[in-house]
Amino acid sequence: TTCRSMQSRDQEYLSSQADPVFKPLLRALLREKPTDVNSFCADYFSHLSTMADAPTAKKANKDSPSARFGYMNTAELSERLGSLGFQDIAQCLADKKVSGSEFEAASPADFIAWGVPAAHVPRLLGAVCEPLVPSDLRVRLEAMGQGHTLGWLLKGCLGVSSASKLVEQLQSLDVQRVIDAFESTRVGTAGGAPLDEIEPPLPSSCQALGDLDATESARLEAIGIDEIAQGRAAVVVMGGGQGTRLGFDGPKGMYDIGLPSGKTLFQLFAERLLKVTQLAQAKTGMAGVLPLFIMTSPLNDATTRAFFADNSYFGLEPAHVHFFVQGTLPALSEDGKIIMTSGCEVSEAPDGNGGIYHALAVSGALEKLESTYGARSVHVFSVDNASCRVADPLFLGLCIDKAAQVGNKVVWKRSSTEKVGVVARRGGGAAHP
């Protein structure tokens with residue numbers, strides 16, 4: 001109610017508002033007179049999102065250097081800086097009529113351009129930015145040997161906006177997961193396991209396609225066809241990779257591999273999925289749903305979604321085509337230290353095919369597979385596997401018949417020196433390549 005009526009009120013009304021959370025908002029409304037008051041207020045309160053509750057927010061706006069500056073006018077900014085012991089700097093910025101929003105967005109170079117002595121800028125920014133770092137975050141980073149990520153911020157080398165973004169990025173990282181993954185690579189040279197623990201797979205766990213006679217192949221394929229027809233199967237494509245190594249600027253799935261038809265990888269997979277569902281329906285009379293899940297990366301998610309939409313999902317039902325984004329992990333140095341792209345940004349990259357498990361869980365895709373579709377057989381493959389038989393009924397049937405929790409289709413290496421992954425056992429169990 002206060003926000004909606006604010007534009008018709010005056011300074012006398014404003015001065016009667018004792019709440020320090022709302023007072024800057026009312027001043028901003030009077031000063032800027034926005035046409036869309038609701039949106040303006042929503043934007044204002046987004047600046048308070050880092051504050052735990054109203055009492056904390058009141059204290060922060062009144063006393064703390066961690067309070068946001070964006071909605072302060074020049075006089076308010078000067079008053080705040082003066083209360084922090086920076087009277088000379090406050091006067092310098094007031095002479096330049098620097099507003100709170102300009103102060104918040106400024107880089108160290110901007111302060112020097114406004115006339116603040118270069119030697120005083122780090123002290124100011126250090127005092128203003130250090131309180132932005134939650135104490136538990138700082139303790140956690142130091143304990144895990146990653147305290148250097150806050151180096152520039154604590155030295156006063158970052159502006160308020162850059163410091164806030166860095167803190168937000170660091171808070172979003174699962175640092176323990178990063179450390180655990182790094183440590184798993186340090187034990188030996190093969191996935192963290194000593195070489196003497198790596199063994200070939202047991203012959204009983206392998207089945208050569210050429211050893212199956214026609215009758216057995218037909219039986220296993222019928223099991224797979226029934227699984228699809230009953231709506232108990234699903235397909236997941238790991239499509240987060242870019243086509244850089246192929247000389248293609250875009251997602252790998254959008255790459256034209258040179259077929260006469262000009263079909264892209266995504267189109268090939270979609271059409272094969274559609275065909276196998278039609279085959280299952282023709283053989284059983286049941287029209288089970290075979291959903292398609294595509295794992296993208298932060299870099300190509302929007303492009304991939306648009307590509308499917310622009311091509312009418314290649315004949316698939318849009319309601320059963322789902323996209324989820326794989327996570328990212330910080331880049332690490334050889335001694336396990338998080339690498340910084342700059343003083344205010346952690347260097348991150350997609351977490352690879354192995355990130356599919358985490359991405360399925362946190363995105364809600366796993367819940368959808370289980371609850372919405374009741375899927376129990378999920379065919380997962382990489383987007384650059386152009387020859388993949390999508391939801392291959394024979395493969396599904398074999399895995400179901402063997403009561404296998406996981407199955408993997410492989411071909412022989414061309415030679416013992418070919419540098420490709422192999423299937424092996426580690427410590428008596430299955431191991432990743």
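Ser-217 is in contact with Leu-212 and Leu-394, once its neighbours within four places in sequence are left aside. The model described here is predicted. Ser-217 lies in helix α15, which covers residues 214–229. At 19% relative accessibility, Ser-217 counts as buried, because buried means under 20%.

**Helices α15 and α20**

- Two packed helices are described by the angle between their axes and the distance between the axes.
- The axes of α15 and helix α20 (residues 393–401) come within 7 Å and cross at roughly 95°.
- That angle makes α15 roughly perpendicular to α20, because angles of 65 to 115 degrees fall in that class.
- On the α15 side, the contact is made by Ser-217, Arg-219, Leu-220, Glu-221, Ile-223, Gly-224, Ile-225, Glu-227 and Ile-228.
- On the α20 side, the contact is made by Pro-393, Leu-394, Leu-396, Gly-397, Leu-398, Ile-400 and Asp-401.
- Sorted by class, the contact of α15 with α20 has nine nonpolar, three polar and four charged residues.

**Aromatic rings**

- A pair of aromatic rings is described by the distance of the centres and the angle of the planes.
- Counting rings whose centres lie within 6.5 Å, the model has eleven aromatic pairs.
- The rings of Phe-307 and Phe-314 have centres 5.6 Å apart and planes at 55°, so this pair is tilted.
- Phe-307 counts as buried at 14% relative accessibility, and Phe-314 counts as buried at 11%.
- The rings of Phe-308 and Phe-314 have centres 5.5 Å apart and planes at 85°, so this pair is edge-to-face.
- The cut-off behind that label is that planes over 60 degrees apart count as edge-to-face.
- Phe-308 has 1% relative accessibility and therefore counts as buried.
- Ring pairs link Phe-266, Phe-307, Phe-308, Tyr-313, Phe-314 and Phe-323 into a cluster.

- Tyr-313 lies in the loop between α17 (301–310) and β4 (321–325).
- With a relative accessible area of 18%, Tyr-313 is buried.
- Not counting residues up to four places away in sequence, Tyr-313 touches Phe-308, Pro-318, Val-321 and Phe-323.
- Tyr-313 and Phe-266 are 47 residues apart along the chain, and their C-alpha atoms are separated by 9.5 Å.

**The chain as a whole**

- The chain has 20 helices and eleven strands.
- Of the 433 residues in the chain, buried residues make up 39%.
- Among contacts in the chain with a separation of 6 or more, 64% are accounted for by residues 24 or more positions apart.

**Confidence of the prediction**

- The mean pLDDT of the chain is 84, and 81% of its residues reach 70 or more.
- Over residues 1–20 the pLDDT is below 50, and this stretch has 27 contacts in the model beyond near neighbours in sequence.
- Over residues 47–67 the pLDDT is also below 50, and this stretch has 30 contacts in the model beyond near neighbours in sequence.
- Where pLDDT is low, the predicted coordinates should not be read in detail.

Terms used
Residues are numbered from 1 along each chain as its sequence is written. This is a predicted model: local features need pLDDT of at least 70, side-chain atom pairs count only at pLDDT 80 or more; totals for chains, interfaces and linings use all residues. Side-chain values use heavy atoms; hydrogens and water are left out. Helices (H or I, at least four residues) and strands (E, at least two) are DSSP runs, numbered from the N terminus. Buried means under 20% relative accessible area, exposed over 50%, partly exposed in between (1.4 Å probe, protein chains only). Contact means heavy atoms within 4.5 Å. Axes are lines fitted to C-alpha atoms, for helices over the stretch in contact, and angles run from 0 to 180 degrees between N-to-C directions. Angles under 35 degrees count as roughly parallel, over 145 as roughly antiparallel, 65 to 115 as roughly perpendicular and the rest as oblique. Ala, Val, Leu, Ile, Met, Phe, Trp, Tyr, Cys and Pro count as nonpolar, Asp, Glu, Lys and Arg as charged, and the others, Gly among them, as polar. Rings of Phe, Tyr and Trp (its six-membered ring) pair if their centres lie within 6.5 Å; planes under 30 degrees apart count as stacked, over 60 as edge-to-face and the rest as tilted. pLDDT is the predictor's confidence in each residue, from 0 to 100.
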